[in-house]
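Here's a quick tour of a structure, with a stop at one helix and another at a chain contact. Have a look at it first.

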Protein chains: 2
Amino acid sequence: MSAASPTKKATARERLLAAADELFYAEGVHTVGIDRIIERAGVAKASLYSSFGSKEELVRAYLEGRHEIRRRRIMAGLERFDNPRDRLLGVFDVLAEVSSTPGFRGCAFYNASAESVGKGGAVEQVSNANRAWTRGLFTELARDAGAADPAALADQLMILYDGASVGARMDGQPGAAALARSVAAGLLDAATAAR
Amino acid sequence: MSAASPTKKATARERLLAAADELFYAEGVHTVGIDRIIERAGVAKASLYSSFGSKEELVRAYLEGRHEIRRRRIMAGLERFDNPRDRLLGVFDVLAEVSSTPGFRGCAFYNASAESVGKGGAVEQVSNANRAWTRGLFTELARDAGAADPAALADQLMILYDGASVGARMDGQPGAAALARSVAAGLLDAATAAR
DNA sequence: GAGACACTAGACAGACCTGTCTGGTATCGT
DNA sequence: ACGATACCAGACAGGTCTGTCTAGTGTCTC
């Protein structure tokens, strides 16, 4: 939880998490083995298992870290705007930024979910939490923006958000987020004008 | 290519492809091993390797089969409608049907892509072909419907289509397709009214 | 009848996977 | 000085993976 003081060397757990984050996201949870992770982290295998217990728990920690970073990045991005309308559309601005970074490979939760078999596993749990948070955020922002039916607008925004993420991933088109933003703007105007 | 005569027993290749289709889609390309497939198909391992050569080529054949079935199902679905507007929106109707079937697990191409590492591999090739076909279809339908900028509308429709697929997969909400359809209808009206 | 063909059953090799365990080292606080 | 803690290096076990190879069976055609 507590961020290590910058002078102190990163602990084994932190280095493992950093290595897992890079490798799992870039190549997939299933493809990347334990050995690759400990090698990149410069950490002994025993340290991994004493810190996390199993690979699945490492995957959970990786996804929880992704969720936390995503949450913070979005909230920080929204602080730039003061009016509700820009704040709602700002979620798509953040997506546009993220999806145009070189290593972008789509939604980490969807990707992990596509690989994982089990229902009720760590991947599904964190993934559901992440989606619920996003939907809640959209609902809240829609209400603040004066939408007649915030939950209904949030459902529409989820589709646009997911679609833009897929488009950026599969077609290498970072512009999908900007396009989704413009459609979202139209939906928002329609939802508020109907008041 | 040619469908075997119904009286004749299915050949080993056909049974392998059928087993691969079920297992790969339900559990993922990486998770499902060769042994599971030959067991379900009731086929010897040597037959698999004499028919396909490698697992990757079996995956390619699986995805090509998915693409072909998808193409046919959509085209058949669109034949029900005679006016361009309904035909364009009909693509979302077909998605609504597919995404409400019990075994629905999202886009087979995205799922396979999330698991595969390599760029330029079989998965990426077939996946790109599938997406290009979809985009071309949307563009054509948009032009027929009188859209001012068919390609631009197609880009928007792709986002809605992908987003609905993700929503149905991740949240278990088959209604996402119907929602996407209604948004698409609004975009289409706007694109044609602007003429 | 004989050979070609498609197929089955299963052993096998070699690689890779997760997870455990042993033993050694460095750095703390007391 | 000394014990506790955190960590490293790597062997090891038991399993699974892809892919190859041998040997045998049924079926069709000539």
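This is a predicted model: local features need pLDDT of at least 70, side-chain atom pairs count only at pLDDT 80 or more; totals for chains, interfaces and linings use all residues.

Now for the helix itself. Quite a few of its residues are buried, among them V123(A), V126(A), N130(A), R131(A), F138(A) and L141(A). The buried residues of α7(A) pack against α4, α5, α6 and α8 of chain A, and also against α8 of chain B.

Zooming out, chain A has nine helices and zero strands. Here are some whole-chain values:

| Property of chain A | Value |
|---|---|
| Span of the C-alpha trace along principal axes | about 60 × 40 × 30 Å |
| Share of the 195 residues that count as buried | 39% |
| Share of contacts (separation of 6 or more) between residues 24 or more positions apart | 60% |

That leaves the meeting of the two chains. The contact draws 29 residues from chain B and 28 residues from chain A. On the chain B side, the elements giving two or more residues are α6 (108–115), α7 (122–144), α8 (150–171) and α9 (175–193). Of these, α8(B) gives the most, with 12 residues. Sorted by class, the side of chain B that touches chain A has 14 nonpolar, nine polar and six charged residues.

Notes
Residues are numbered from 1 along each chain as its sequence is written. Chains are lettered from A and ligands numbered from 1 in the order in which they are written. Two residues are in contact if their C-beta atoms, placed from the backbone, lie within 7 Å. Helices (H or I, at least four residues) and strands (E, at least two) are DSSP runs, numbered from the N terminus. Ala, Val, Leu, Ile, Met, Phe, Trp, Tyr, Cys and Pro count as nonpolar, Asp, Glu, Lys and Arg as charged, and the others, Gly among them, as polar. A residue is buried if 20 or more other C-beta atoms lie within 10 Å of its own, exposed if 12 or fewer, and partly exposed in between; C-beta atoms are placed from the backbone.
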